[in-house]
Amino acid sequence: MLNECEKRNAERLRYRGMYNQERGADVEFEVGFEGQTWRLTAHSHVVAKSSPVLKSMLSGSFQRDKSTPLPIKNTEPRAFESLLRYCYGHPPEFKNVSTALSTFHVAHMYLCPGLEWEAAAFLNEHVQTRPECALEVFLATGFYCETNEIFEPSAPPAYELVINGESESSSLINGPQTLSDEQVGASNGSTPDCKMFMGEASRRLRHNCFQTMDQFANEILALEQFEDLDLESLLAVISRDTFAVSSELALMNAVERWAECECRRQKLSHTVENMQDVVGGSGVICSGRVARLLLLSTQEFAEGPIGSPLLNAAEQKLFLVYLLGSGGAEKEELETLGYVNWAQLSRPREASTPNFLPIATQQYPGRCATSPCKARKQKGCWRWLSRKQPDRNKKQQASLRKKDEQIGKSEKPLCYSKTCDCMLTIIACLFD
């Protein structure tokens, strides 16, 4: 019994031959940026079944005159073409990270969780090994996540996956699941709906980006894209205990570089006050969320932070006194500052083993890689099942084996042997 998502995917596969065919096409899209648009045609009844956004655009009060092209502005043409290919049941083809990321945005915009999951699976392969790709995806997916904090990802139960007739049990994540029983349909035994997976891929991608950036902290600080982070994302990356930077001095220099770029973006002069303000003020800098200054040696502090515009003259002097361990009165004065988090400033960072969350296309419910007829014959569909499917070949072999054993154990002659004996006796009597 197929669920709603699987029925929609199986129906979508029947339209593969209609893709990129002018015959019967009743809608024309003009996709791209101004002066660089593509003309793409489609069948409205086909694309409306895969995307509720396209369905609203092509019907109801949003319906336009079919004689004029439907403009799709500020959208990468190749990404929208991937969306149309997906609507016709064709698998997406990603040749680079840029195309996959654009397709990921389009899939999220047009509410196609299946295509979003396919793009996320491609991006995840590059995120885990390439720090520059991890930072790029981290910047791009921040719009879809409500928070930068580490989360326990939601996922459906570990249903049985059927692959070419062989079943495997696979748990999608290691950790507690946050979907309720009503969402996964545990009360009535139904399978998860596709709508629950909208945004799940972006949350997993962002989690894996954190893992890669922790592992390649020095490379992340040296990238130009590091300067493009907003303040919230910047603090979310560098304040982590697992952000394994080789030296807090390198981190301090990278934050100064970021503050200069932020002043340019906000059209501010490079004064000490402005640079402190764009980072969040003394309360953020001295809280240990930027650089853990008490992990520096006296020489390292003298080489960098002693002249840093992120610290005012009084803070530079007091921190240096604290590191030198002298000046009792001044040290006591420093310890009375309420906005300084001494424990965080002296807490060492610890490198950890990356814990990547899996993003595989086979984990998406209802994904069907073959045609419906071939899937029914070969059981080649990825289906979320609540129980194992019986293996008919094994049952037939067991039945034949049982019959052979019964025949072998029988001591009575077979029927055809009795018939032959009677015929031979009759012939012998006639000739006698």
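Biologist: Which residues of α13 are buried?
Modeller: In this predicted model, the buried residues of α13 are N274, M275, Q276, V278 and V279.

Biologist: Which residue follows α13, and what is its phi?
Modeller: That is G280, and its phi is positive, near 120°.

Biologist: You mentioned α11. How many of its eight residues are buried?
Modeller: Six of the eight are buried, so helix α11, residues 231–238, is largely enclosed by the rest of the structure. The buried ones are S233, L234, L235, A236, V237 and I238.

Biologist: What covers those buried residues of α11?
Modeller: The cover includes α7 (131–141), α9 (200–215), α12 (248–265) and α14 (282–285).

Biologist: What does D230 do at the start of α11?
Modeller: A side-chain oxygen of D230 reaches to within 3.2 Å of the backbone nitrogen of E232.

Biologist: Let's go to α12. Is E262 buried or exposed?
Modeller: E262 sits in helix α12, and with a relative accessible area of 14% it is buried, because the cut-off for buried is under 20%.

Biologist: Which side chain does the side chain of E262 have a polar contact with?
Modeller: R265 is joined to E262 by a side-chain polar contact of 2.7 Å.

Biologist: New topic: helix packing. How do α4 and α5 cross?
Modeller: Two packed helices are described by the angle between their axes and the distance between the axes. For α4 and helix α5 (residues 97–109), the axes come within 8 Å and cross at roughly 60°. That makes α4 oblique to α5. The crossing of α4 and α5 is right-handed.

Biologist: Which residues meet there, between α4 and α5?
Modeller: From α4 you have A79, F80, S82 and L83, and they meet S102, T103 and V106 in α5. By class, the contact of α4 with α5 has four nonpolar, three polar and no charged residues.

Biologist: What about α5 and α7, at what angle do they pack?
Modeller: The angle between α5 and α7 is about 20°, and their axes are 11 Å apart. That makes α5 roughly parallel to α7. The crossing of α5 and α7 is right-handed.

Biologist: And which residues make the contact of α5 with α7?
Modeller: On the α5 side they are V97, L101, F104 and H105, while α7 contributes C133, E136, V137, A140 and T141. Sorted by class, the contact of α5 with α7 has six nonpolar, two polar and one charged residues.

Biologist: Moving on to loops. Where is F143?
Modeller: F143 is in the loop between α7 and β4 (160–163).

Biologist: Is F143 buried or exposed?
Modeller: F143 is exposed, with a relative accessible area of 72%.

Biologist: Where is N74, then?
Modeller: N74 is in the loop between β3 (70–73) and α4 (77–87). N74 is exposed, with a relative accessible area of 62%.

Biologist: And what is the phi of K267?
Modeller: The phi of K267 is near 60°, a positive value in a residue other than glycine. K267 lies in the loop between α12 and α13 (272–279), and with a relative accessible area of 74% K267 is exposed.

Biologist: Let's zoom out. How many helices and strands are in the protein chain?
Modeller: The protein chain has 21 helices and six strands.

Biologist: How much of the protein chain do buried residues make up?
Modeller: Buried residues make up 44% of the 432 residues in the protein chain.

Biologist: Last one: among contacts between residues at least 6 apart in sequence, what share joins residues at least 24 apart?
Modeller: In the protein chain, 72% of those contacts join residues at least 24 apart.

Technical notes
Residues are numbered from 1 along each chain as its sequence is written. This is a predicted model: local features need pLDDT of at least 70, side-chain atom pairs count only at pLDDT 80 or more; totals for chains, interfaces and linings use all residues. Side-chain values use heavy atoms; hydrogens and water are left out. Buried means under 20% relative accessible area, exposed over 50%, partly exposed in between (1.4 Å probe, protein chains only). Helices (H or I, at least four residues) and strands (E, at least two) are DSSP runs, numbered from the N terminus. Contact means heavy atoms within 4.5 Å. A polar contact is a pair of N or O atoms within 3.5 Å; within protein, one must be able to donate a hydrogen and the other to accept it, and residues adjacent in sequence count only if both atoms are side-chain atoms. Axes are lines fitted to C-alpha atoms, for helices over the stretch in contact, and angles run from 0 to 180 degrees between N-to-C directions. Angles under 35 degrees count as roughly parallel, over 145 as roughly antiparallel, 65 to 115 as roughly perpendicular and the rest as oblique. A crossing is left-handed if the near helix is turned anticlockwise from the far one by less than a right angle, and right-handed if clockwise. Ala, Val, Leu, Ile, Met, Phe, Trp, Tyr, Cys and Pro count as nonpolar, Asp, Glu, Lys and Arg as charged, and the others, Gly among them, as polar.
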